[in-house]
Amino acid sequence: MVVQQHRSGGGARAVCALAVVGVMAATAGCSGGGGGGDCAMADERGGADSLDAVHRAAAVLAGTVSGTGTGTMTGAGARSVAGSAEVRTSMETAAGGTRVTIRGRGTYDFRNQVGRLEVVLPEDAAGEDEHRPITELLAPGALYMMNRGAGVPADKWVRIDTTTLEDGNLVTGGVTDPMAAAELLRGARQVTYVGRTELAGVAVRHYRGISDIGRAAREASPKSRGALAAAAKGFHTDTVPFDVYLDDQGRLRKVRHRFSFANEGPAVEVVSTTLLYGFGVPVSVRLPDDRDIYTGKIRQR
């Protein structure tokens, strides 16, 4: 496991979720409680089935189904529903009474499942020389990081095979891959409709439930399947609570997942939030050449 951890006065000073290569457990449970079967409650005000709406959210982003109407649409009509978006993320960790938030911002292409984010560490979560934003490139099965620090040359990228991570990169990079965040919804088992609200001026429906990681991996698109399958094997429990907000086209606007894992001490709580807006934005991602990949050892602090 590679984890940035600083101690002061015998307690944990801060825990940075960046480069957590081994995550131990995901939080289980749902206020709806109960058995192992699906227990969707009807969206009484919106008229849509809650479970179906949440299951379809990832497919709408990927462009494999339309977000509106009762039928399934493929091709150009479906792709125009989402395709790409601007992204804002936050990942809050809590350990030993200390909370640390890592924030990211960038763009993501859901059809090709690639994106580019600038990730900002909070104060005191790393040394003074490492406060520059970390550039992350997201691709199927891979995470690339620039300005990773800890002995990595400034002009080199660190490449991580996300299919080998015990958390499938749900928290490793300090940012949950936007497609992975959406694909987790394919494993939703218990969903309740909370109600209509407004998010950044957009009318949305709020749903709450739990997701089964193994089920999400089986239902995920081929490019996402490997990383989620790794997460399904690596977590001690297989359910993750979530809150999700969908617009009237069925597109994912915001999703919040709550994870919990052990890290050689007190349990670390992680709340990962992904916010999508500016759909249709151009996304250009060029993955590094092999000669630009750092292959040495990353120092632990």
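**Exercise 1. What share of the contacts in the chain with a separation of 6 or more comes from residues 24 or more positions apart?**

Solution. The model is predicted: local features need pLDDT of at least 70, side-chain atom pairs need 80 or more, and totals for chains, interfaces and linings use all residues. Numbering starts from 1 along each chain as its sequence is written, and side-chain values use heavy atoms, without hydrogens and water. A contact means heavy atoms within 4.5 Å. The share is 61%.

**Exercise 2. Describe the chain as a whole.**

Solution. Start with secondary structure. The chain has 5 helices and 13 strands (DSSP runs numbered from the N terminus: H or I, at least four residues, for helices; E, at least two, for strands). Next, burial. Of the 301 residues, 53% are buried (under 20% relative accessible area, 1.4 Å probe, protein chains only).

**Exercise 3. Locate the nonpolar cores.**

Solution. Define the set: buried Ala, Val, Leu, Ile, Met, Phe, Trp, Tyr and Cys residues joined through side-chain atoms within 4.5 Å. The largest core holds 39 residues. Val54, Leu185, Tyr207, Val244, Leu252 and Leu276 touch the most other members. Helix 1 (residues 50-62) gives the most to this core, with 7 residues. A second, separate core has 16 residues, including Ala180 and Phe261.

**Exercise 4. Is Arg251 buried or exposed?**

Solution. Arg251 sits in the loop between strand 11 (239-247) and strand 12 (252-261). Its relative accessible area is 10%, so Arg251 is buried. Then check its partner.

How values were computed
Buried means under 20% relative accessible area, exposed over 50%, partly exposed in between (1.4 Å probe, protein chains only).
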